[in-house]
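Let's take a walk through this structure together. Keep the 3D view open and follow along as we go.

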Amino acid sequence: MPLLFPEEDASDVRRRYKPDVIKGDMDSIRKEVLDFYRSLGTEIIDKSHDQDTTDLHKCITYIRDFAPDVNKSSQLCILVAGALGGRYDHEMGNLNVLYCFSSLRIVLLSDDSLIYLLPRTHHHEIHIQTSVEGPHCGLIPIGVPSRSSTTTGLRWNLNNTEMRFGGLISSSNIVVGEKVTVQSDTDLLWTISIKKL
Amino acid sequence: MDLMHHSSTFLLPTIPLHHGPSLTYALVVLNQTLPRFAPLLWKHAQLRLCADGGANRVFDEMPLLFPEEDASDVRRRYKPDVIKGDMDSIRKEVLDFYRSLGTEIIDKSHDQDTTDLHKCITYIRDFAPDVNKSSLCILVAGALGGRYDHEMGNLNVLYCFSSLRIVLLSDDSLIYLLPRTHHHEIHIQTSVEGPHCGLIPIGVPSRSSTTTGLRWNLNNTEMRFGGLISSSNIVVGEKVTVQSDTDLLWTISIKKL
């Protein structure tokens, strides 16, 4: 965080950007960092005994089940930074978290792209914020082939189209305009590029 | 069911002669930052292709991996055999440079239905003259990271060409397909890869997968997105075996040396 505010004092920046919670199996966090945030009042939740779920999975569970002041009913959206890139098995594990918690809004973000799940239980309207995202996008049938998907608002729309790995998937597509609609018989992964401004 | 052997000997400084099936390597460079071991892959490959903007990467970044040498010398030494793609990313100066050195330029800008990687794989499979196809292994640098829809399109290429050996490489990981048509033996090169690994059922759930050689082995285990997938697994020892009712993606970490 201090590197993103090079004209400010590093300690000031760190105090301003103080996490509410640090959770996980604690095998990566440096002791000095842990001590620093603990002294500022950050809640530390050590889950080192639980090796069955990823750190992201543990955090999503915490937000869903325990976070006190968050309105869970319909307005929660969990933004995740750092889920993509690095070790590929980690990236896949993070992707799986979207499918394991398909009733929650979870957005994975990198410098280049954002991705989230479009559950098959709903028709979807995606309002494109053209100042910050697009035009490159894709719809990916991860986990299960799609027998029928239909879209509007894309350069190459789907029309009851089959999609599957080993066949057609919608990558290198382009958003046309400001609204995309999607409906499908399976959960689809939506991805759109983030503009470099 | 036949046995298929896998070994990441292309990450070793020299490829031992007695190791498993003798493979012919081809290298495809895509438009992402070159992995730090790109010169090693280049050395092992008999055929080197750049997909469109991948040529910019070789031109700009190979000299950076040899900072003590003259950039022009490095560029001449790392000259691709072919540059193929829709040519919307390669810089004119780069195109002219390699063309003047004799690189074959194949302009496929009319074909918008397939990705640049797909075009390169097709070229290697159908047209590359001196390559023994039965023992071919295609190494791909720059397929991961960057735009996520590109990454998924590149992953799909593994499934579209499931009868070819194709390895996607980044600085951190390598990934390839284990087709359901075979039992698999993966010989772990512990000096350069591991121990972090995973088996991922992309595309179709797996009703039954079985492994040996992992910390958490599968035993006729179901895997699917939304349920169990084998990530954050650990290789134990030097041999992993896998059999499954579906095509599985194998991924293993590459050691930072």
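## A salt bridge across chain A

A:Glu125 is partly exposed, its relative accessible area being 48%. Keep in mind that we're looking at a predicted model. Which residue does A:Glu125 pair up with in a salt bridge? The partner is A:Lys179, and the closest N and O atoms sit 3.6 Å apart. This pair connects distant parts of the chain: A:Lys179 belongs to strand 11 (residues 179–184) of chain A and A:Glu125 to strand 6 (residues 124–127) of chain A, 54 residues apart. A:Lys179 is partly exposed too, at 41% relative accessible area.

## More charged pairs

Side chains of opposite charge can pair when their charged atoms come close. Over all chains, a search turns up 23 salt bridges. One of them joins A:Asp35 and A:Lys31, at 2.6 Å from N to O. These two are four residues apart in helix 2 (residues 31–40) of chain A, so about one helical turn separates them. A:Lys31 is exposed at 61%, while A:Asp35 is partly exposed at 32%.

Over in chain B, B:Asp247 and B:Arg180 form a salt bridge, with 3.2 Å between the closest N and O atoms. B:Asp247 is in the loop between strand 14 (239–244) and strand 15 (248–254) of chain B, and B:Arg180 is in the loop between strand 8 (173–178) and strand 9 (183–187) of chain B, so the pair ties together parts 67 residues apart in sequence. B:Asp247 counts as buried at 14% relative accessibility, whereas B:Arg180 is partly exposed at 45%.

## Cysteines without partners

A disulfide is a covalent bond between the sulfur atoms of two cysteines. How many disulfides are there over all chains? The count is zero. A:Cys137 is buried at 1%, and B:Cys120 is buried at 0%.

## Inside the chains

Now look at helix 3 (residues 55–65) of chain A, where A:Leu56, A:Lys58, A:Ile60 and A:Tyr62 are buried. The helix's buried residues pack against several elements of chain A, including strand 1 (21–24) and helix 4 (88–100).

In chain B, B:Val82 sits in strand 4 (residues 82–85) and is buried at 2% relative accessibility. Leaving aside neighbours within four places in sequence, its contacts include B:Cys50 and B:Tyr123.

How values were computed
Residues numbered from 1 in each chain as written. Chains lettered and ligands numbered in written order. Predicted model: local features only at pLDDT ≥ 70, side-chain atom pairs only at ≥ 80, totals over all residues. Heavy atoms only, no water. Buried < 20%, exposed > 50% of the residue type's maximum accessible area, 1.4 Å probe, protein only. Contact = heavy atoms within 4.5 Å. Disulfide = S-S within 2.5 Å. Salt bridge = Lys/Arg side-chain N within 4 Å of Asp/Glu carboxyl O.
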